[in-house]
Amino acid sequence: MSDSSPARPAAPVLDVWCELQCADCRTALDDLRALRARYGDRLELRLRHFPLEKHKHSFAAAQAAEEALEQGQGWPYVEAVLGRAEELDRKGEPFLVEVARELCLDAEEFDTALIDGRHILIVDADQAEGKAIGVTGTPTYVIGGERLDGGKSQEGLRERIEEIADRLLAEAGQG
């Protein structure tokens, strides 16, 4: 039996270039929550890593976020770590495992992932792609081919993202 129903068009993608020790990224969480609430699965929010050298635990945090994603809790983990960035700064990698435990994730697997570096290539690839498209700080958003820099100010960014998302959804017949 063949399914002749038309395939649902792919949701527009909002790439969010983020760093888990970044105060501006923490501020951006409210906008990201609002976007998820408004669009649900009609807009794909995709976490992209851009660890900054000035934050010594940001590369490990990006790897931990990938492990959380693999365990099905990517955004809750990102929100938990961003909400307590000062603790990450003080405690380092043990804090990343502690947050995993608090979210009932496999903390031993987090510890192992940080030791064996299984997610390094993903983080490196994100960072390289970010540099290639002109990302210099976080948060930076890319939607519909347009880059929006949130590192200087979040002011008006959610509205601009919504305008672009609404246009993309209308073009795809999902508006």
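P139 sits in the loop between α7 and β3 (140-143), where helices (H or I, at least four residues) and strands (E, at least two) are DSSP runs numbered from the N terminus. A cis peptide bond links T138 to P139, with omega at about -5 degrees. This is a predicted model, so to speak from the start: local features need pLDDT of at least 70, side-chain atom pairs count only at pLDDT 80 or more, and totals for chains, interfaces and linings use all residues. Residues are numbered from 1 along each chain as its sequence is written, and side-chain values use heavy atoms, with hydrogens and water left out.

Now to the sheet. It is open, has four strands in the order β2-β1-β3-β4, and its pairing is mixed. Two strands count as paired if DSSP finds at least two bridges between them. At the edges are β2 (44-49) and β4 (146-149), each pairing on one side only. On average, neighbouring strands here are turned by 20 degrees against each other, direction ignored; axes are lines fitted to C-alpha atoms, for helices over the stretch in contact, and angles run from 0 to 180 degrees between N-to-C directions. The pairings look like this:

| Strand pair | Sense | Bridges | Example of residues facing each other |
|---|---|---|---|
| β1 (13-18) and β2 | parallel | six | D15 and R46 |
| β1 and β3 | antiparallel | four | V16 and Y141 |
| β3 and β4 | antiparallel | four | I143 and E146 |

Helix α7 (residues 120-132) packs on this sheet and touches β1 and β2, its direction making about 95 degrees with that of β2. Contact here means heavy atoms within 4.5 Å.

Buried means under 20% relative accessible area, exposed over 50%, and partly exposed in between (1.4 Å probe, protein chains only). In a regular strand the side chains alternate between the two faces of the sheet. The hairpin of β3 and β4 has two residues between the strands, and G144 there takes a positive phi near 55 degrees. C104 has a positive phi too, about 60 degrees, although it is not a glycine. That residue lies in the loop between α5 (93-102) and α6 (107-116), and C104 is exposed at a relative accessible area of 72%.

What about the inside? A nonpolar core is a set of buried Ala, Val, Leu, Ile, Met, Phe, Trp, Tyr and Cys residues joined through side-chain atoms within 4.5 Å. The largest one has 42 residues, and L14, Y77, L96 and Y141 make the most contacts inside it. Helix α1 (residues 23-39) supplies the largest share of this core, six residues. Leaving aside neighbours within four places in sequence, L96 is in contact with A60, A61, A64, Y77, V81, L88, F110 and L114. Apart from that core lies another, of five residues, among them W17, F50, V135 and V142.

Last, the cysteines. How many disulfides are there? Taking a disulfide as a pair of cysteine sulfur atoms within 2.5 Å, the count is zero. The closest cysteine sulfur to that of C18 belongs to C25, 3.7 Å away, which is too far for a bond. For C25 the closest is in C22, at 3.4 Å, again too far. C18 counts as buried at 6% relative accessibility, and C25 does as well, at 2%.
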